[in-house]
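Welcome! Please take a look at the sequence and the structure shown here, and then we can walk through some of the details together.

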Amino acid sequence: CYLSESSEAVRDFPLEEIFRRIDLIVQHYGPGTDVQVSGGEPTLRQRNELVAIVRRLSERGLRASLFTNGIKATRDLLLELAAAGLTDVAFHVDSTQQRAGYPTEASLNALRLEYIERARGLPISVFFNTTIHGGNLNDVPMLAAFFVAHADVVRFASFQLQSDTGRGVLGARLDVISNDSIAQRLHAGAGVPLQFNVLAAGHHECNRTAVLLVANGRARDACADAAFVSSFMRETAHLRVERGTPWRGLRSLLAAALVRPGLTLGALRWVAATAWRMRAELIAARGRVHKLTFFTHNFMDACQLDAERVDACVFMAITQDGPLSM
């Protein structure tokens with residue numbers, strides 16, 4: 001949607017150029033960098049080439065995320081991509097796509113459930129992207145509740161604010177649509193107050209992040225102890241977390257904590273306090289708890305760019321000459 005009106009006239013880059021740009025990413029950012037395999041729609045590329053792209057990213061130590069509308073992202077394809085090294089799949093589903101048979105945001109939950117089942121049990125994290133506009137703003141609490149209810153599979157839900165840029169046809173965004181107004185609706189849908197940007201990514205006016213722990217269908221704010229969470233993340237910033245499954249992620253964090261006695265004690269206190277606060281739902285869920293991240297992304301108008309926000313951008317497009325703020 002943020003591509004230019006003439007973007008469909010641009011041919012796909014040949015595989016050799018894609019590989020060269022992957023190597024550029026490694027040169028600029030090093031291993032462990034998250035890379036979005038996007039488009040357009042990446043699953044329209046020849047299947048063997050898409051698999052080769054994901055495998056190349058994995059071989060270079062990068063974390064590949066497939067950003068797709070899901071139409072061609074069958075379970076069979078996701079299995080093959082997971083075997084090639086795919087880390088995440090991000091399904092973009094919302095009412096701006098005008099999918100036949102799904103007239104409302106609520107009706108699209110049936111499609112979201114279908115995609116969840118396609119990825120269930122695979123060693124990849126499942127994300128959902130939703131564009132927020134005037135037509136679905138009041139559906140945000142419902143969507144938040146839906147993702148909480150399916151936090152056993154869904155790890156990340158991104159709410160992307162409509163902007164008047166690229167091929168968008170909705171016109172100017174309503175003033176009421178902002179990171180703050182979306183956060184308020186996410187509070188309501190999750191059923192718990194959330195602290196945003198204890199874990200910050202990029203500029204505050206661009207991105208907001210909240211992390212939830214979900215057990216027995218009830219959400220809690222994982223960042224309630226903001227001071228400890230901030231300290232823990234600073235101390236483990238160098239760590240590459242294997243997030244394909246909850247156990248891999250937990251194992252990575254435990255390994256980091258064990259080599260820092262002070263951090264280990266703090267982590268144990270945090271676990272104990274969190275477990276006590278969640279004791280009723282943990283008992284009902286037999287100890288099973290899931291992490292869910294809510295994320296809001298505020299695109300700028302293409303004609304009103306803020307240099308400070310561009311300089312702080314954490315979403316980069318890799319061009320033939322190197323990275324450029326998306």
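## Helices 4 and 5

Helix 4 (residues 109-119) and helix 5 (residues 140-149) pack with their axes 12 Å apart, at an angle of about 25 degrees. Angles under 35 degrees count as roughly parallel, so helix 4 is roughly parallel to helix 5. The crossing in which helix 4 passes helix 5 is right-handed. Please keep in mind that all of this comes from a predicted model.

Which residues make the contact? Helix 4 brings N109, R112, L113 and I116, while helix 5 brings M142, L143, F146 and F147. Sorted by class, the contact of helix 4 with helix 5 has 6 nonpolar residues, 1 polar and 1 charged.

## Helices 1 and 2

Now for another pair. Helix 1 (residues 15-29) and helix 2 (residues 47-59) have axes that come within 10 Å and cross at roughly 20 degrees. That angle makes helix 1 roughly parallel to helix 2. Helix 1 and helix 2 also cross in a right-handed way.

On the side of helix 1, the contact is made by L15, I18, F19, I22 and D23. On the side of helix 2, you will find E49, A52, I53, R56 and L57. The contact of helix 1 with helix 2 includes 7 nonpolar and 3 charged residues, and no polar ones.

## The nonpolar cores

The largest nonpolar core has 63 residues. Which of them touch the most other members? They are F91, F128, F147, F159 and F294.

Leaving aside its neighbours within four places in sequence, F147 is in contact with R112, F128, T130, V154, A157, F159, L292 and F294.

## A cis peptide bond

Here is a detail of the backbone to look for. The peptide bond from G39 to G40 is cis, with omega near 5 degrees. Where is G40 found? Its place is the loop between strand 1 (34-37) and helix 2.

## Two asparagines with positive phi

N197 is not a glycine, and yet its phi is positive, at about 65 degrees. You can find N197 in the loop between helix 6 (179-190) and strand 6 (207-215). Is N197 buried or exposed? With a relative accessibility of 16%, N197 counts as buried, because buried means under 20%.

N216 is another residue other than glycine with a positive phi, here near 55 degrees. N216 sits in the loop between strand 6 and strand 7 (218-221). The relative accessible area of N216 is 52%, so this residue is exposed.

## D311 and G202

The last stop is D311, which lies in helix 11 (residues 307-311). D311 has a relative accessible area of 69% and is therefore exposed. How many residues apart in sequence are D311 and G202? The two are 109 residues apart along the chain, while their C-alpha atoms are 9.1 Å apart in space.

Notes. Residues are numbered from 1 along each chain as its sequence is written. This is a predicted model: local features need pLDDT of at least 70, side-chain atom pairs count only at pLDDT 80 or more; totals for chains, interfaces and linings use all residues. Side-chain values use heavy atoms; hydrogens and water are left out. Axes are lines fitted to C-alpha atoms, for helices over the stretch in contact, and angles run from 0 to 180 degrees between N-to-C directions. Helices (H or I, at least four residues) and strands (E, at least two) are DSSP runs, numbered from the N terminus. Angles under 35 degrees count as roughly parallel, over 145 as roughly antiparallel, 65 to 115 as roughly perpendicular and the rest as oblique. A crossing is left-handed if the near helix is turned anticlockwise from the far one by less than a right angle, and right-handed if clockwise. Contact means heavy atoms within 4.5 Å. Ala, Val, Leu, Ile, Met, Phe, Trp, Tyr, Cys and Pro count as nonpolar, Asp, Glu, Lys and Arg as charged, and the others, Gly among them, as polar. A nonpolar core is a set of buried Ala, Val, Leu, Ile, Met, Phe, Trp, Tyr and Cys residues joined through side-chain atoms within 4.5 Å. Buried means under 20% relative accessible area, exposed over 50%, partly exposed in between (1.4 Å probe, protein chains only).
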